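This report describes a few strands and how they pair. The sequence and the structure come first.

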Amino acid sequence: MLNESDVPRFLLAFCCLALLTHCRTAPFSDLDRSNLPKPDDHPEVDAVELVRERIVEYAFDSGAPIAMTTEHRTLVVLTEDGQNLGDFATTYSEFTDLISADVRITTPDGKHKDYDVSKMTDFPLIQGYVLYDDARAVSLDVPAVPVGTVVETRVVKREKKPSYFVDRFSFGGHYPLRRASFRVFEPEGWKLDHRASKAWGPYEMEPRVEAGSGGRWLVWEQSDIARTKHEDYAPSVWDLVPMVAVRIASWVDDDGAPQAEFDSIATYGQFLHRLQEGTAKPTPAIRAKVEEILKDAPKDPRVRAQKLYDWVQENVRYVAVEVGMGGWRPYEAAETFKTRHGDCKDKATLLKAMLEVDGIESYLASLYSHGGTPRKYLMPGLGQSNHAILAVNLGDELVIADPTTRTVPFGELPHNDQEAELLLVKATGGELYPTAQSTEQDNVKRLSFDLTAEASGATKGVVKLETTGQFASSLRYNLVATSEESGQDEVRGWAWLYDGDVKNAKFDEAYRDGRLVVTAQGDVTMDEVGRDVADVRLISFAEIMVTPGPKLPPMERKFPVVFRRREHRDTTIRLKVPSSWEVSTLPEDQVVESPFGRYTQSWRLEGDTLVAHGDYRLKERRIEAARYGELEAFFGEIIAARSRPVVVRLK
């Protein structure tokens with residue numbers, strides 16, 4: 001028998017049961033094929049999305065908020081390259097019950113075949129460096145579908161901790177999209193925060209409000225969305241298209257009392273601090289190791305912090321074991337120290353414990369590790385970061401350190417951490433803090449060649465390489481991650497020779513003025529330097545080495561150009577020429593100036609030796625589409641400058 005307090009819960013369970021029954025018996029409606037797109041309508045794409053829809057219904061059940069979510073997608077296959085688009089996958093975890101997953105494949109003759117979860121493969125979602133993760137996936141692999149096939153999917157899930165997370169929906173993607181819809185139910189007395197953004201900046205997109213039983217619907221819809229066409233050096237599609245983010249700001253419990261998980265970035269930081277509290281406790285074994293590492297170290301706290309950072313970086317392998325809140329709560333430092341493995345937050349937590357032994361304060365911090373487009377914390381909530389690092393308080397400076405990396409030195413950050421919005425996690429609350437950006441003076445690659453040419457054009461000599469900043473950490477990583485034989489290939493690749501070879505490479509590294517410097521040297525051989533035209537030989541930078549920077553085609557650019565780093569490449573070539581060669585013409589000195597950077601080039605003759613110097617500097621990492629023409633012209637002038645030849649007469 002039901003009592004009065006059981007009625008709301010009973011009704012919710014009844015509604016859920018009805019929803020499940022509906023999804024199992026009739027998840028898809030009849031398909032109208034009269035208005036389907038045809039290949040000739042969209043000659044450049046493999047498919048068109050007819051519908052992309054997400055429905056989120058928040059409710060209160062068993063003392064906590066829940067959300068029932070439905071995702072519906074329909075697309076039409078237009079080319080043979082799109083014949084694998086019938087394949088399907090979705091994920092679930094400790095926070096999510098997978099209620100149903102259905103796929104309908106309708107071929108051009110109107111016949112359809114339906115698949116539900118019972119016909120799909122269920123497996124642990126373990127990828128890359130993840131040793132174990134409680135997340136799972138169900139997937140369906142279907143044979144190649146013919147052109148004109150309609151693929152429709154519908155997934156229903158029950159989110160058990162929606163108050164922790166930010167729900168997001170993107171309007172756009174790789175294919176044209178006829179209708180996109182994001183519908184969110186806000187129960188009466190609840191408050192939902194929402195924000196629209198594009199490229200992680202503000203975007204004007206207000207929801208339509210519709211009345212609903214026991215609350216209201218917030219609805220965002222767009223129609224006839226063009227595809228986001230890939231452009232070289234552009235950000236990810238999902239960093240470009242409009243997006244709406246929604247979270248539960250507050251809800252009403254069974255007694256009608258308002259409740260909230262966190263109401264700001266500050267309280268969100270406090271939540272993370274409580275979640276992580278106690279994990280960085282030093283143990284006797286950790287204390288003994290710290291004493292051993294710092295036995296002969298000076299009193300300078302930066303030097304001591306660097307030594308501890310180096311130890312964690314080099315001795316703890318990156319391996320992730322994530323169960324439930326283990327995606328955000330690190331393992332205890334004692335466990336990571338014992339096993340010598342952990343993910344980013346585990347390594348940061350162990351370093352925090354070791355620094356504490358030496359009296360150095362630090363804070364765990366989270367950010368989104370990006371590929372050139374930093375993502376912002378749109379609102380408080382889990383799922384907006386993908387990486388954890390450490391902020392080390394040295395009194396007169398706050399050093400942001402990433403011990404996950406195998407080769408980036410203390411005090412520097414990898415390119416994917418730079419210019420990011422960092423959340424410092426403190427007991428007093430979360431604080432947003434911008435990470436530093438490196439300049440072209442920080443990332444330097446110097447190449448010097450000392451070569452001797454024979455009358456035939458065959459050339460041999462020595463190449464020397466010196467790197468700092470992101471160049472140095474990248475080269476160091478490549479050397480650590482490869483065999484000695486592959487290490488020889490590294491110098492060959494870094495020398496940027498067109499047709500040359502490098503052997504007998506030797507490497508070294510040292511700290512100069514507190515910065516890592518990685519150097520290399522090897523023997524160079526080239527079958528031919530320059531090229532013969534009639535009775536002269538033409539020798540240019542472009543005949544010897546690859547030109548720095550991209551070759552950008554003329555085009556109407558829609559999206560920004562994003563480079564990996566700001567950088568400085570300095571090259572000197574000394575080429576001793578044989579007596580049978582007479583240098584008759586040297587090109588004029590070249591200077592290419594631009595707001596984006598600078599390139600200079602010079603040739604001179606010192607006795608029987610040609611000396612060439614090229615200096616390339618890229619000062620900007622992100623260039624908006626409106627300035628693409630200027631950027632294209634800048635790199636075009638560099639290509640032209642490096643093609644200007646020395647003219648050598650052959651006696």
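How many residues lie between β4 and β5 in their hairpin, and which residue in the turn has a positive phi? There are 5 residues between the two strands, and G110 in the turn has a positive phi of about 90°.

The model is predicted: local features need pLDDT of at least 70, side-chain atom pairs count only at pLDDT 80 or more, and totals for chains, interfaces and linings use all residues. Residues are numbered from 1 along each chain as its sequence is written, and side-chain values use heavy atoms, with hydrogens and water left out.

Strands are DSSP runs (E, at least two residues), numbered from the N terminus. Two strands count as paired if DSSP finds at least two bridges between them.

| Strand | Partner | Bridges | Residues opposite each other |
|---|---|---|---|
| β4 | β9 (residues 150–159) | 10 bridges | T96 and E159 |
| β4 | β5 (residues 112–115) | 4 bridges | V103 and Y115 |
| β30 | β31 (residues 536–539) | 3 bridges | D532 and R537 |

β30 also belongs to an open sheet of 4 strands, in the order β30-β31-β39-β34, with antiparallel pairing. Its edge strands, β30 (531–533) and β34 (581–585), each pair on one side only. Neighbouring strands of this sheet are turned by 35° against each other on average, direction ignored; the axes are lines fitted to C-alpha atoms, and angles run from 0 to 180 degrees between N-to-C directions.
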